[in-house]
Structure formats: C-alpha cells, structure tokens
Amino acid sequence: MSNKEVKAALKSARDAIRNKEYKEALKHCKAVLKQEKNNYNAWVFIGLAAAELDQPDQAKGAYKKAIELEPNQLLAWQGLANLYEKPNQIDVKGDLADVYQKLLELYESGDRQKWCDVCNKLVELYHQEKKYLEVAETWQKLIRMKQEEGAEKTELHQLWKKMIQLLKDSTRNQDNKTGQLLLTAFEHALHSADTVPGEDHQNLYKDFIQCLSKFPHELARLEKACHDMMALYPTMSYPLEVLCLHFVQSGTLSEEALHCFTRLLEMDANSGPGIICFGIKCLKENKYKEAVKRLTEGLEKTNQCPVAWHYLAEAQMKIHEHRNAVVSCNQVLQALGTTEGSNFQWKTLALQLKAEALIKIADADAAEEAIKALEQIVDGSSDPVVLALRGQAYLNKGLMDQASKISQELLLSHPDLAEAHALEGVICYSQKNYEQAEKSFLNAIERKAGTAEYHQYLGLTYWFMSDETKKDKGKALTQFLKAAKLDSYMGSAFCYLGNYYRDIAGDKTRARGCYKKAFELDETDEESGAAAVNLSVELGDMDTALSILNEVTGKARPGTAKWAWLHRGLYFLRTGQPSKAVVDLQAAIRADPKDSNCWESLGEAYLNRGSYSTALKSFRKASELNPELVYSIYRAAALEQILGKYENAIATYQEILKKTENYVPALKG
C-alpha cells in the first residue's frame with residue numbers, strides 16, 4: 001500500500017466514523033496498520049470506533065498505543081478523556097485525572113478556553129473524591145490563568161468565592177495546607193468584593209471568622225479578623241461573640257476579654273457568649289451563686305461553647321451542688337466527644353472534676369462512676385492527684401485494701417503531696433485511728449493550708465478523738481472555724497460549730513445561728529434543720545421555728561421531709577390546732593409509714609379533734625409497730641371505753657397491767 005493509498009484509507013475511515021459506520025472504519029484502519037503499524041491516526045480512529053462499538057478495552061488499548069507513539073499529540077488524549085468520561089466506565093477516576101493533567105499541559109500554551117474547561121472538569125473530579133488539596137491547588141492555577149489574561153475584579157471575586165464553596169467541607173479534615181489555601185481564598189474574596197461595607201461582604205466576613213475559629217493554631221488571625229470586621233461593622237455583635245467564645249475556650253480572662261464581653265453586653269444584653277463571660281468573671285471573683293446563675297442563663301442561649309459547662313461545674317462544686325456539677329461535666333464530655341488539642345485538655349479536666357463531684361456525693365454507686373471517669377483520663381495512672389482521687393473513690397466503695405495501697409504508694413513516691421497525706425488521713429479517720437488521722441491531716445494542711453476540707457476533717461478527728469479534744473477550743477472549734485472561713489458554703493462545718501456551741505459552750509443562740517446557716521446551705525441536712533427548730537422553740541422564738549418548717553414543707557415532695565412535718569404537726573398539737581396537726585402528721589407518716597412515734601402523735605391529734613375511731617386505729621398501729629409504747633396501748637383502751645367497747649377496754653387494761661403493774665391510768669381505767 002503506497003503513501004497515497006494509506007491517506008485514502010484514513011480518509012475513508014474518517015468518513016465512515018462521521019457516518020457512524022464504525023465497523024467499516026475499523027476495516028480501513030486495520031488495512032493501514034498492516035502497511036504502517038505505527039500510524040498514529042489509525043490507532044486514534046480505532047480508539048474512536050471501538051469506543052462507539054462499546055469495546056472499551058480495545059479503545060483504551062488503541063489510544064494508549066497512539067499516545068506511546070506521539071505523547072504530545074492532543075487527539076489520543078482527547079479520545080481517552082472522552083472514553084473515561086462515559087458513565088459505564090468504573091474505577092477510572094484516577095486515570096481520568098492523569099489524562100486531564102496532561103490535557104492541561106498540552107492546552108496551556110494554546111487554547112486557553114479549552115484549558116479552562118478541562119481545569120473545571122479536573123476540579124469537579126477531585127471534589128467528588130474529596131481530594132481537597134488537589135481541588136485548591138488546581139483552582140488556584142485557574143485563577144492565576146485568569147489574572148494573566150487580565151480578568152475583571154468581579155470575575156476574580158466570583159472565582160475566589162467558588163473556591164471557598166469547593167473547600168467548605170475540608171475543615172473537617174484539618175489538613176493544614178488545604179486550610180491555608182481556604183483562608184487565603186477568603187482573604188482574596190474579601191479584598192475583591194465590590195460593595196464594602198455591604199450585606200454580601202458582611203456575610204462573607206462572618207463565614208471567614210467561622211472558618212478561622214475551626215483552626216486552633218490561627219488564634220492571632222482570628223482576633224485580627226474579628227477586630228477588622230468590628231471596625232467595618234461596629235453595630236454587629238457577631239465578631240464580639242466569636243472573640244468572647246475564643247477567650248472562654250482559651251481559659252484566660254484578660255483585660256481584653258473583659259473589654260470584649262462588656263462591650264458585647266452593652267450592645268446585646270441577651271448575648272449568650274457575653275453572659276457566659278460575665279459568669280466566668282463572677283467565678284474568678286468568688287461570686288459563686290451569681291456565676292451559676294449567669295453561666296446557666298448563657299448556656300440556655302448558645303450551644304457553641306461546650307467548655308462553659310466546665311466553668312458551670314466548677315461554680316456548682318464551690319457551692320456544694322455536687323449532683324448538678326456531675327450533670328454539667330457530662331454535658332462537656334458529650335459535646336467534646338473524642339477530641340485532640342485544647343479540647344483534649346478540657347476533656348481531661350472535665351473527667352477529673354466529674355470524679356471529684358462523685359466522690360463528694362459519697363455513696364457506692366457514685367464511687368463506681370468516679371472510678372470509671374478516672375479510668376478514661378489518659379496517663380491518669382501516672383498523675384498523683386488522679387491517683388489520690390481514685391484512692392478516695394475506692395474508700396467510698398468500701399474497698400479499703402485498694403485505697404490503702406494507693407495511699408502507701410503515694411506517700412513513698414510523692415511525700416510532699418498534700419493529697420497523699422489527706423488520703424491517708426481519711427482512711428485512718430474511717431478506721432477510727434484518730435491519732436494517725438490527726439498527724440496526716442496536719443501534714444496535708446502544712447502543704448496546702450487553704451483547703452477547707454482538710455481543716456474540717458481535722459476538726460472531726462478532734463471531735464471524736466476524746467472529750468478533751470472535743471472541748472478544747474484550740475482543737476475541734478478552731479478547725480471548724482477555719483473550714484467555715486475558707487469555704488463559706490460548707491454546711492457540715494456550720495453544723496459541727498452548732499454542735500460545739502450547743503453541747504460544749506451551752507450557747508443556744510449562737511448554736512441556733514450555726515444550725516440555721518448549715519441548713520440554708522444544705523436543705524437535705526435534716527439534723528441541722530431539726531436542731532435549728534428545736535433551739536428556736538427553746539429560745540421562745542416560734543416565728544423562726546415556723547419560718548423554717550413552713551419553708552421546708554412548702555418545697556417538700558410527697559413522701560419527704562418527715563422531720564419537718566412531724567415538728568410542725570407537734571407544734572399545732574401543742575397550740576390547740578388538731579386539724580392542722582392531723583394534716584402534717586399524715587404527711588410525716590407518708591414519708592416513714594413505720595415510725596411508731598408519728599402514729600402515736602397522729603392518734604393524739606385525732607383524739608383532740610374528737611375523731612375517736614380514727615384515733616383508736618392510729619394508737620393501735622403505733623402499738624403494733626412498737627409493743628413497748630405503753631401510752632399508745634393505754635390510749636387505745638381509753639378510746640375503746642369511750643366508744644362503749646368495754647370488754648375490749650378491760651382486756652387492753654389488763655394487758656398493760658401484766659407488763660406494768662403499777663401503771664395508774666390503766667388501774668383507773
């Protein structure tokens with residue numbers, strides 16, 4: 001076949017392809033290849049025809065052969081791209097990306113429009129594969145090409161915005177290079193915006209700041225962006241809110257932070273981040289109740305600040321709301337999940353604080369939960385403070401051997417650690433080894449004098465050690481006073497001060513004040529509440545006694561606060577108000593149906609009200625629960641007599657006289 005015949009055959013093949021006669025085209029191409037096996041055009045036409053005949057493998061082989069022969073010719077590369085773009089081609093995206101890269105290279109010095117078209121296709125392909133770095137680098141090439149062509153500012157602005165759109169999901173991967181390219185795109189988009197200030201520009205700035213806040217290492221850039229936005233949009237609260245959240249996350253409350261949240265609250269008094277910052281300020285200033293109030297309010301208004309829950313838990317711990325503190329710590333842990341960097345540190349702090357709160361609750365279930373929390377702290381087994389907490393949790397759970405082992409190991413490895421000596425002290429105190437407990441708590445106080453709990457435990461040690469140490473003003477009393485001074489929310493310190501003033505000093509007024517304070521701090525402390533009421537009665541101050549009882553019964557859920565219902569019921573009984581007494585004593589019995597004294601008092605109230613049958617049932621119930629209650633048995637007999645049940649009455653009187661021969665009321669009956 002001559003040169004002329006080869007050209008004619010190729011022309012026939014081209015015409016056949018144009019007429020969709022693909023098999024005919026293949027015949028012509030094969031004839032050419034018999035003569036010239038390295039004919040580039042013949043291989044390209046075979047690729048085209050085979051692709052149309054749904055013979056992808058043959059088409060691919062033909063194009064690759066052509067490329068092998070002429071690697072810098074466009075036709076074969078274009079054909080291969082068209083082949084790979086067909087929907088029936090599977091697992092070829094990597095190969096297609098390589099083809100697009102080569103086409104970009106070939107188009108670069110020639111057809112700029114086709115170069116841009118291929119560039120768009122390549123970016124779309126990378127985006128589908130979530131190859132964000134390749135997306136960013138390729139799109140930047142497109143922008144550079146447009147800049148070289150002298151594109152208008154508006155077109156470039158749209159291209160930078162498109163790049164932001166393409167990379168918006170890349171922040172989840174935290175790839176630093178891609179992140180930098182995304183932030184650069186934001187900066188270019190902001191600088192190329194037409195209308196400044198304007199709504200689109202404002203929204204773009206918000207997106208930029210939101211994006212920056214996802215990169216922990218870009219704090220300086222974040223602060224600058226917020227300040228720049230505030231300068232442009234002084235009435236917008238958003239940049240101030242982001243700055244406030246940033247300060248909360250960083251754990252610092254600098255002058256700048258104070259200025260920020262003050263300005264924010266002036267602008268918007270209901271701003272969640274602003275209220276949270278104010279709550280943290282209250283916490284730092286030891287205004288714990290105000291801190292709890294503000295932090296709770298702020299967290300209701302924003303869910304963008306998980307670490308604020310940690311500050312709330314801290315404040316709750318300070319006012320001894322331990323169960324609430326556990327809830328707050330759980331909120332932190334749930335929000336942070338599995339995290340790294342600064343969030344990892346917050347998670348560790350939350351786990352430790354949760355364990356501390358659970359240990360303060362001091363029951364076996366809470367101790368078990370505390371141990372689980374401590375086990376989640378990375379490297380917790382090498383942290384002596386965490387180990388001391390674990391020892392306390394073991395002690396609360398009744399695992400004395402494990403607690404003692406930790407205590408001994410800590411004293412050997414960290415003899416200067418206050419927590420190690422305190423743990424030993426608590427163990428000895430629980431074993432009633434008061435002499436050693438005293439030494440341990442003194443050692444703990446020597447190393448950490450500002451811990452109220454150590455002084456409280458030392459005071460308790462002196463209280464139970466001996467009558468001398470209990471009565472010695474320099475021992476128990478001094479330590480309880482120090483504990484109360486260091487922690488004015490420690491109800492137990494005020495309770496024991498009440499015990500001292502009542503039982504040792506005989507100062508009922510001062511004792512009543514201490515019990516009242518203890519009960520105000522902890523409304524579950526029935527001992528302090530009852531003591532405050534009893535002392536008020538003894539001091540003739542029924543108004544204070546009733547005020548306490550009314551407050552407790554007003555808040556009490558059904559089946560609770562037995563002591564308060566009983567005290568108030570007895571007061572009504574003494575003051576000739578039997579109907580009111582009945583109501584309160586019934587409430588006391590709902591709280592404890594097996595208290596024989598409550599039943600006896602209820603019988604007395606019914607009797608005074610003239611409800612004899614019901615009174616009889618109450619006295620019988622009291623004597624069933626406690627057969628030693630002679631008065632209840634006598635009252636039952638007397639009521640049977642009143643009700644005309646003489647035989648029953650005689651039998652009951654005789655029953656009393658068998659036990660107590662000279663019980664005069666029974667003899668009279």
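This is a predicted model: local features need pLDDT of at least 70, side-chain atom pairs count only at pLDDT 80 or more; totals for chains, interfaces and linings use all residues.
UniProt, in an unreviewed entry, lists residues 3-39 as a "coiled-coil region", and such annotations, whose names are shortened and whose positions follow the numbering used here, may be inferred rather than shown by experiment. Over residues 3-39 the chain is 81% helix and 0% strand, with the end C-alpha atoms 12 Å apart. Helices here are DSSP runs of H or I with at least four residues, strands are runs of E with at least two, and both are numbered from the N terminus. Residues are numbered from 1 along each chain as its sequence is written, and side-chain values use heavy atoms, with hydrogens and water left out.

For residues 596-629 the corresponding values are 82% helix and 0% strand, with 8 Å between the end C-alpha atoms.

A residue is called buried when its relative accessible area is under 20%, exposed when it is over 50%, and partly exposed in between, with a 1.4 Å probe and protein chains only. Because 10 of its 14 residues are buried, α25 is largely enclosed by the rest of the structure. Among these buried residues are Tyr454, His455, Leu458, Tyr462 and Trp463. What covers them includes α23 (418-430), α24 (434-447), α26 (467-471), α27 (473-486) and α28 (491-504), where contact means heavy atoms within 4.5 Å.

Thr544 is found in helix α31, residues 542-555, and Thr544 counts as buried because its relative accessible area is 16%. Leaving aside neighbours within four places in sequence, Thr544 is in contact with Arg512, Lys516 and Ser536.

A salt bridge is a side-chain nitrogen of Lys or Arg within 4 Å of a carboxyl oxygen of Asp or Glu, and a search of the whole structure finds 32 of them. In one of these, Glu285 pairs with Lys287, with the closest N and O atoms 3.2 Å apart; Glu285 is partly exposed at a relative accessible area of 35%, and Lys287 is partly exposed at 46%. Asp363 forms a salt bridge with Arg323, where the closest N and O atoms are 3.8 Å apart. Because Asp363 lies in the loop between α19 (342-361) and α20 (364-375), while Arg323 lies in helix α18 (residues 322-336), the pair ties together parts that are 40 residues apart in sequence. Of these two partners, Asp363 is partly exposed at 29%, whereas Arg323 is exposed at 56%. Lys508 forms a salt bridge with Glu538, and the closest N and O atoms are 2.9 Å apart. This pair links distant parts of the chain, 30 residues apart, with Lys508 in helix α29 (residues 508-521) and Glu538 in helix α30 (residues 526-538). Salt bridges can also be joined, as in the network that links Lys11, Asp15 and Arg18.

The last stop is helix α36, residues 630-642, in which Ile642 has its place. The 13 residues of α36 should span 18 Å at 1.5 Å a residue, and this agrees with the 18 Å between its end C-alpha atoms. The buried residues of α36 include Ile633, Tyr634 and Leu639, whereas Ile642 is exposed, with a relative accessible area of 51%. Together with Tyr612 and Leu643, Ile642 makes a nonpolar surface patch of about 250 Å². Patches are made of residues with over 30% relative accessible area and no salt bridge, like charges being joined within 9 Å and nonpolar side chains (Val, Leu, Ile, Met, Phe, Trp, Tyr) within 5 Å, and accessible areas come from the Shrake-Rupley method with a 1.4 Å probe, only the protein chains shown counting as cover for residues. After α36 comes Gly644, whose phi is positive, near 80 degrees.

Technical notes
The expected span of a helix is 1.5 Å times one less than its number of residues.
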